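Here is a short briefing for a first look at this structure. Keep the sequence and the 3D view open while you read.

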Amino acid sequence: MIDTQAKPAPYFKLMVLVTLLGAVSALISFIFMALVHQGTQLIWEQASLALGVDPRLFTLVVCTFGGLLVGLLVKYFGDHSGIFAEVMLEFGKTGRFDYRNAPGIVITAFVSLISGASLGPEAPLADACGGMGTLVSDQLKLNPQETRTMGYSGVSGMLAAFITNPFGGALLSIESAQGRVSGAQMYFWGLFPSLLASSVATVVFVALSGSFFETLYKFPKYTPQLVDLFYAIPLGLIGGFVGLLFMVSLKRLQQLFQGMKGRVVLRGVVGGLGMGIIGALLPLTLFSGESETTDLILHAAEIGVGMLIVLGIAKLFATSLLLATGWKGGYIFPIMFSGIAMGLAVNLLFPTIPLAVAVAATMAGALVAALKAPLFAALFTMVLVQKETAAVVAIAVVVSALLTALFALWAARRASQAESLTDTE
């Protein structure tokens with residue numbers, strides 16, 4: 001777990017730097033989320049109340065106008081990817097975040113989120129905090145290995161602040177980056193510095209906000225049963241299909257809007273109009289889904305099986321549409337919303353399956369498939385639901401991870417066959 005080639009003095013200096021970076025990442029995260037909260041309240045509560053217009057019309061106008069602003073910002077700052085998976089995959093290859101793009105992505109994300117987007121804050125914050133790590137590394141002329149460590153630590157600190165848990169931040173940044181660091185070096189240059197940055201970020205964020213990220217979703221008292229492990233298999237598959245459906249729809253919509261690369265303003269308006277129509281018809285699909293999921297759980301029986309499925313699919317489509325049309329934001333909470341909607345629908349259809357089991361298993365499965373980060377998916381799910389579901393979550397994570405791997409293998413073979421046919425022609 002120790003790199004015997006590393007010199008103690010430079011490594012100690014690096015640990016000091018990642019400690020400071022963790023604190024800065026927490027501060028950036030706190031300020032951004034506070035501004036988004038205030039902006040959302042100003043528009044969707046105060047302005048909406050003052051104008052007194054039909055909520056559906058208000059939603060349509062705000063989302064469409066937000067799309068116009070997003071398009072203009074993308075045109076000004078450049079059409080850079082702000083999708084978490086793509087950003088982290090690029091970091092995994094290069095060991096760097098392009099900090100020159102971070103200000104534009106963060107500003108565009110702020111406008112996106114206060115305009116009612118079905119997106120979360122984690123993706124732009126990953127750009128900002130990871131970019132901060134790369135910027136500091138460049139200024140101090142750190143070597144490539146140290147630069148990669150600073151990038152890991154910046155993102156880890158942000159994610160730890162996001163869920164006030166140091167382990168979640170470190171795990172997701174390392175799992176999703178899929179970089180060239182492995183084996184003992186992963187601990188020495190990746191995990192240890194990330195845990196240090198994440199611990200500091202967690203404490204700083206809690207000091208600023210005054211609270212931990214508590215268990216959001218409470219269900220009737222649940223005692224684990226052996227049969228629940230068998231329930232977790234189909235539930236994990238359902239969650240996995242939710243995550244895969246999101247990734248496939250995102251890819252298809254990106255291909256569809258590829259022809260509008262030169263008309264980014266119009267593209268942004270199309271995304272806003274789509275979100276406005278969906279949000280006007282289905283208000284629960286607006287915003288990230290963190291608090292809306294609570295309404296979903298509380299009123300599941302009133303909403304009904306059919307509408308729960310519609311809401312889950314609509315949420316996936318809205319999130320994919322926005323990301324494909326240049327809006328900036330993350331998809332952790334939207335995916336979680338859709339997974340939970342499907343779990344609630346299963347519970348209504350099969351009441352013998354405990355509610356906590358249905359929700360925890362489908363949510364974990366959806367997160368695994370979308371993030372390709374099984375350990376983070378398990379830990380994040382356990383942050384949100386009661387600890388008694390841990391065994392169910394573990395089974396669902398394994399099932400969804402295997403499903404995701406099989407789908408990736410099938411997609412690679414299909415692409416290879418298509419390429420062979422093209423070469424033959």
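**Briefing: helix packing and selected residues**

Ser 48 is buried, with a relative accessible area of 19%. The cut-off for buried is under 20%, so Ser 48 falls within that class. The model is a predicted one.

**Ser 48 and helix 1**

- Ser 48 sits in helix 1.
- Beyond its neighbours within four places in sequence, Ser 48 is in contact with Ile 43, Val 53 and Phe 58.
- Helix 1 covers residues 8–51 and packs against helix 5, residues 122–139.
- The angle between helix 1 and helix 5 is about 150°, and their axes are 10 Å apart.
- That angle makes helix 1 roughly antiparallel to helix 5.
- The crossing of helix 1 and helix 5 is right-handed.
- On the helix 1 side, the contact is made by Leu 21, Val 24, Ser 25, Ile 28, Ser 29, Phe 32 and Met 33.
- On the helix 5 side, Pro 124, Leu 125, Ala 128, Cys 129, Met 132 and Gly 133 take part.
- The residues of this contact between helix 1 and helix 5 divide into ten nonpolar, three polar and no charged.

- Helix 13 and helix 14 cross at roughly 165°, and their axes come within 8 Å.
- Helix 13 contributes Val 305, Leu 308, Ile 309, Leu 311, Gly 312, Ile 313, Lys 315, Leu 316 and Thr 319 to the contact.
- Helix 14 meets them with Pro 334, Ile 335, Phe 337, Ser 338, Ala 341, Met 342, Leu 344, Ala 345, Leu 348 and Leu 349.
- The residues of the contact between helix 13 and helix 14 divide into 15 nonpolar, three polar and one charged.
- Trp 327 lies in the loop between helix 13 (305–324) and helix 14 (332–349).

**Trp 327: buried or exposed?**

- Trp 327 is buried, with a relative accessible area of 1%.
- Neighbours within four places in sequence aside, the contacts of Trp 327 include Cys 63, Gly 66, Gly 67 and Val 70.
- Ser 112, Ser 115, Ala 117 and Leu 119 are also among the residues in contact with Trp 327.
- Gly 268, Gly 271, Gly 272 and Leu 322 are in contact with Trp 327 as well.
- A polar atom of the Trp 327 side chain lies 3.2 Å from the backbone oxygen of Gly 268.
- Thr 223 is 104 residues from Trp 327 in sequence and 43 Å from Trp 327 in space, C-alpha to C-alpha.

**Arg 267 in helix 10**

- Arg 267 is found in helix 10, residues 264–281.
- Arg 267 is buried, with a relative accessible area of 3%.
- The Arg 267 side chain reaches the backbone oxygen of Thr 325 at 3.3 Å.
- Not counting residues up to four places away in sequence, Arg 267 touches Val 74, Asp 79, Phe 257, Met 260, Lys 261, Ala 324, Thr 325 and Gly 326.

**Helix 15 and helix 16**

- The axes of helix 15 and helix 16 come within 9 Å.
- Helix 15 and helix 16 cross at roughly 145°.
- The crossing of helix 15 and helix 16 is right-handed.
- From helix 15, Ala 360, Met 363, Ala 364, Leu 367, Val 368 and Leu 371 are in the contact.
- From helix 16, they meet Pro 374, Phe 376, Ala 377, Phe 380, Thr 381 and Leu 384.
- The residues of the contact between helix 15 and helix 16 divide into eleven nonpolar, one polar and no charged.

**Two lysines with positive phi**

- Lys 372 lies in the loop between helix 15 (355–371) and helix 16 (374–384).
- Phi of Lys 372 is near 55°, a positive value in a residue other than glycine.
- Lys 372 counts as partly exposed, at 40% relative accessibility.
- Lys 141 is found in the loop between helix 5 and helix 6 (144–163).
- Phi of Lys 141 is near 55°, again positive in a residue other than glycine.
- Lys 141 is exposed, with a relative accessible area of 73%.

Notes:
Residues are numbered from 1 along each chain as its sequence is written. This is a predicted model: local features need pLDDT of at least 70, side-chain atom pairs count only at pLDDT 80 or more; totals for chains, interfaces and linings use all residues. Side-chain values use heavy atoms; hydrogens and water are left out. Axes are lines fitted to C-alpha atoms, for helices over the stretch in contact, and angles run from 0 to 180 degrees between N-to-C directions. Helices (H or I, at least four residues) and strands (E, at least two) are DSSP runs, numbered from the N terminus. Angles under 35 degrees count as roughly parallel, over 145 as roughly antiparallel, 65 to 115 as roughly perpendicular and the rest as oblique. A crossing is left-handed if the near helix is turned anticlockwise from the far one by less than a right angle, and right-handed if clockwise. Contact means heavy atoms within 4.5 Å. Ala, Val, Leu, Ile, Met, Phe, Trp, Tyr, Cys and Pro count as nonpolar, Asp, Glu, Lys and Arg as charged, and the others, Gly among them, as polar. Buried means under 20% relative accessible area, exposed over 50%, partly exposed in between (1.4 Å probe, protein chains only). A polar contact is a pair of N or O atoms within 3.5 Å; within protein, one must be able to donate a hydrogen and the other to accept it, and residues adjacent in sequence count only if both atoms are side-chain atoms.
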